[in-house]
Amino acid sequence: MTHRRKIFVGNWKMNKLPQEAQAFCEVFAPAVAAVKNADVGLAAAAVLIPGLTTRYRGLQWFAQNCHWAASGAFTGELSTAMLKSVDVSGSLVAHSERRQMCGETNTTAGQRVAALLGAGLQAILCIGETLAERDSGRWREVLQEQLEQGLAATGIKNWSAALGSDPERPLLTFAYEPVWAIGTGRAATSGQAQEAHAFIRGWLINYFGNDIAQRLRIQYGGSVTLQNVDELMSMPDIDGALVGGASLKPDDFAQLVLRGVRNA
Ligand code: PGA
């Protein structure tokens, strides 16, 4: 089996002010400094990022969104050049909160992915079904549609673009985040998560071919905690975690990462 380097990213969402972010890093960065076998990062609001990226180079920094155009009349958006100017590693794309509240679609998600990969930045493309879609047994169709439409909208033909130049850190990562598990305290069981990740992996093998698909990472997100991280990370197709609520306190998130990397 291909070894994939695990990736743990805290998604701070619309939380923290600069001083709070700084105080977090003073505790968190030394606590995870010894982690060498996995990537550890934070997806922070854009105003928090300058300064932190240069000061805490051992962590990866992600924006929470990125536009596809190089510049122009797109009020409220961020370009890849802006992200590069503050040394971020990449950006989340199409988090379910943006799909539900900000009009994000599979098409716009794909356009964002294309811009990021084109700029040599990492894209973490979030997908996942709602509770109604899970309960009606349609979750596979939903994931397939998100993947199919999202990747088609990138316009990319040569998918070696998804790998980039660092063999340990492919530029394209997927985050499977069932909407019913986000912020609810009701994480997917390790069995449910592995089943969905294996489904996604199978789809990716068909789409990209085995070589690329085996190298791309699929994170799990949705109520990941210190209690469930171990079991989730022991699953063969789960390559890391995207963590919301449990990433807000530095000691707690450091412990979660340290426990998660035991399976890395
Ligand atoms: P949660 O959020 O860990 O608070 O469920 C995860 C996410 O939204 O990425």
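Modeller: Happy to! One definition to begin with: buried means under 20% relative accessible area, exposed means over 50%, and partly exposed is in between, using a 1.4 Å probe and protein chains only. Both Trp159 and Phe208 are buried in that sense. This is a predicted model, so local features need pLDDT of at least 70 and side-chain atom pairs count only at pLDDT 80 or more, while totals for chains, interfaces and linings use all residues. Residues are numbered from 1 along each chain as its sequence is written, and side-chain values use heavy atoms, with hydrogens and water left out.

Biologist: Thanks! Which residues come nearest to the ligand?

Modeller: Lys13, His95, Glu177, Gly183 and Ser223 come nearest, out of 13 residues around the ligand. A residue is near a molecule or strand if one of its heavy atoms lies within 4 Å of it.

Biologist: How does that shell divide into nonpolar, polar and charged?

Modeller: The shell has 4 nonpolar, 7 polar and 2 charged residues. Here Ala, Val, Leu, Ile, Met, Phe, Trp, Tyr, Cys and Pro count as nonpolar, Asp, Glu, Lys and Arg as charged, and the others, Gly among them, as polar.

Biologist: And what lies 2.7 Å from an oxygen atom of the ligand?

Modeller: That is a polar side-chain atom of Lys13. A polar side-chain atom of Asn11 lies 3.4 Å from a ligand oxygen atom, and a polar backbone atom of Gly245 is 2.8 Å from a ligand oxygen. A polar contact is a pair of N or O atoms within 3.5 Å; within protein, one must be able to donate a hydrogen and the other to accept it, and residues adjacent in sequence count only if both atoms are side-chain atoms.

Biologist: How much of the ligand does the protein bury?

Modeller: Taken alone the ligand exposes 280 Å², and the protein buries 95% of that. Those areas come from the Shrake-Rupley method with a 1.4 Å probe; for residues, only the protein chains shown count as cover.

Biologist: New topic: how many aromatic pairs are there?

Modeller: The count is 10 aromatic pairs. Rings of Phe, Tyr and Trp (its six-membered ring) pair if their centres lie within 6.5 Å; planes under 30 degrees apart are stacked, over 60 edge-to-face and the rest tilted. Phe24 and Phe28 are a tilted pair, because their planes are at 40 degrees, with ring centres 5.1 Å apart.

Biologist: Where do those two sit, and are they buried or exposed?

Modeller: They are 4 residues apart in helix H1 (residues 18–32), about one helical turn. Helices (H or I, at least four residues) and strands (E, at least two) are DSSP runs, numbered from the N terminus. Phe24 and Phe28 are both buried.

Biologist: Back to Trp159 and Phe208: what kind of pair is that?

Modeller: Edge-to-face, because the planes are at 70 degrees, and the centres are 4.9 Å apart. Trp159 is in the loop between helix H7 (139–152) and strand E6 (172–176), and Phe208 is in helix H8 (residues 190–208), so the pair ties together parts that are 49 residues apart in sequence.

Biologist: Which residues do ring pairs link into a cluster?

Modeller: Trp12, Phe24, Phe28, Trp61 and Phe253.

Biologist: One last thing: what joins the side chains of Arg217 and Asp39?

Modeller: A polar contact of 2.9 Å. Arg217 lies in strand E7 (residues 217–221) and counts as buried, at 1% relative accessibility.
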